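Subject: Structure handover

Hello,

Here is the structure for your files. Please open it alongside this note.

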Amino acid sequence: AKFEKKILDYDLEKKELTIGLSVKNILEPILNKPSEIFLVIDNSSSMEEHVSNGISRLKAVTDSASTLANELLKIETVKIGVVSFSTGNNEGTITDATLITTPTNVKDTVVSSISSIANSSLGVRTNIDAGLTLANQNFSSDCDKINSFRLPTFSQ
């Protein structure tokens, strides 16, 4: 897949940035091989803020992640894992991320894992590195990492 990120809007006073993400499938044959995807979801306190339609950022992200998972899991060779991240008691360490589920093709497991993030307590700050590191450590050995997608984090 080919990923393109673009800054859509920013507010320097509020220190906010809105980023758009475009994903294009350039490797259709890869879906015929076992493939793994990790959804790495921000559950820091900034995710409590509301987006334009009145729902929280976290709800918008988890709803989108659930929709994506439901569509991707229609492909028999795809497995999805879920990781959440924010700062905890050991700020700046790998423990700032939580492995919710390892890659699986069981739709109910993935969707309930995503939902559990929406109902969890929120951390103080954002530690994206911990989330990405934990996800990278949990790709299964039976899936060639060349055939694994590494999507950018679901964070706004």
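What follows is a short account of the findings.

First, the ground rules. This is a predicted model, so local features need pLDDT of at least 70 and side-chain atom pairs count only at pLDDT 80 or more, while totals for chains, interfaces and linings use all residues. Numbering starts from 1 along each chain as its sequence is written, and side-chain values use heavy atoms, with hydrogens and water left out.

Overall layout. The protein has three helices and five strands. Both are DSSP runs numbered from the N terminus: helices are H or I with at least four residues, strands are E with at least two. From the N terminus on, the order is β-β-β-α-β-β-α-α. Of the 156 residues, 35% count as buried. Buried means under 20% relative accessible area, exposed over 50%, and partly exposed in between (1.4 Å probe, protein chains only). The protein exposes about 9,200 Å², and carbon and sulfur atoms supply 51% of that. Areas come from the Shrake-Rupley method with a 1.4 Å probe; for residues, only the protein chains shown count as cover.

The sheet. Three strands form an open sheet, ordered β3-β4-β5, with mixed pairing. Strands pair if DSSP finds at least two bridges between them. β3 and β5 stand at the edges with a single partner strand each, so one side of each has no neighbour in the sheet. β4 and β5 pair in the antiparallel sense over five bridges. V83 stands opposite L99 in β5.

Helix α1 lies across β3 and β4 and runs at about 170° to β3. Axes are lines fitted to C-alpha atoms, for helices over the stretch in contact; angles run from 0 to 180 degrees between N-to-C directions.

Helix α2. V110, S113, I114 and I117 are buried there. They cover an arc of only 95° around the axis, which puts them on the same side of α2. The arc is taken from the directions from the helix axis to the C-beta atoms. The buried residues of α2 pack against β3 (35-42), α1 (57-72), β4 (78-85) and β5 (97-104). Contact means heavy atoms within 4.5 Å.

G81 counts as buried because its relative accessibility is 0%. Leaving aside residues up to four places away in sequence, G81 touches I37, F38, L39, T101, T102 and P103. G81 and A135 are 54 residues apart in sequence, yet 7.8 Å apart in space, C-alpha to C-alpha.

Best wishes
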